[in-house]
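Thanks for making time this morning.

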Amino acid sequence: MAKDVMCEVNSCKYWANENKCKASSISIVSHHGSNQARNSEETDCKTFEPKI
């Protein structure tokens, strides 16, 4: 697993200083509802939760 996961979405509750993701696990899915994606624009981070 990657040592550091970078994230620029500072409205997420898992966002940390220096654009690091502090979630214990990360779930990313394809827009197509399958396990196929051709580029990053066809994916979504399901781990995202808005800051309260």
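Let me begin with a definition: helices (H or I, at least four residues) and strands (E, at least two) are taken as DSSP runs and numbered from the N terminus. On that basis the protein has zero helices and four strands, and its pattern along the sequence reads β-β-β-β.

Before going further, a word on provenance. This is a predicted model, in which local features need pLDDT of at least 70 and side-chain atom pairs count only at pLDDT 80 or more, while totals for chains, interfaces and linings use all residues. Residues are numbered from 1 along each chain as its sequence is written, and side-chain values use heavy atoms, with hydrogens and water left out.

As for overall dimensions, the C-alpha trace spans about 30 × 25 × 15 Å along its principal axes. Of the 52 residues, 15% are buried, where buried means under 20% relative accessible area, exposed means over 50%, and partly exposed lies in between, using a 1.4 Å probe and protein chains only.

Now to the charges, and how many salt bridges does a search of the whole structure find? The answer is three, a salt bridge being a side-chain nitrogen of Lys or Arg within 4 Å of a carboxyl oxygen of Asp or Glu.

Another salt bridge is formed by Lys13 and Glu49, whose closest N and O atoms are 3.2 Å apart. It too links distant parts of the chain, with Lys13 in the segment before β1 and Glu49 in the segment after β4 (43-45), 36 residues apart. Here Lys13 is partly exposed at 37%, and Glu49 is partly exposed at 33%.

The remaining pair is Glu42 with Arg38, with 3.0 Å between the closest N and O atoms. Glu42 is buried, at 13% relative accessible area, whereas Arg38 is exposed, at 69%.

Finally, where does Ser24 lie? Ser24 is in the loop between β2 (20-21) and β3 (28-30), and it is exposed because its relative accessible area is 75%. Ser24 and Thr47 are 23 residues apart in sequence, with their C-alpha atoms 9.8 Å apart in space.
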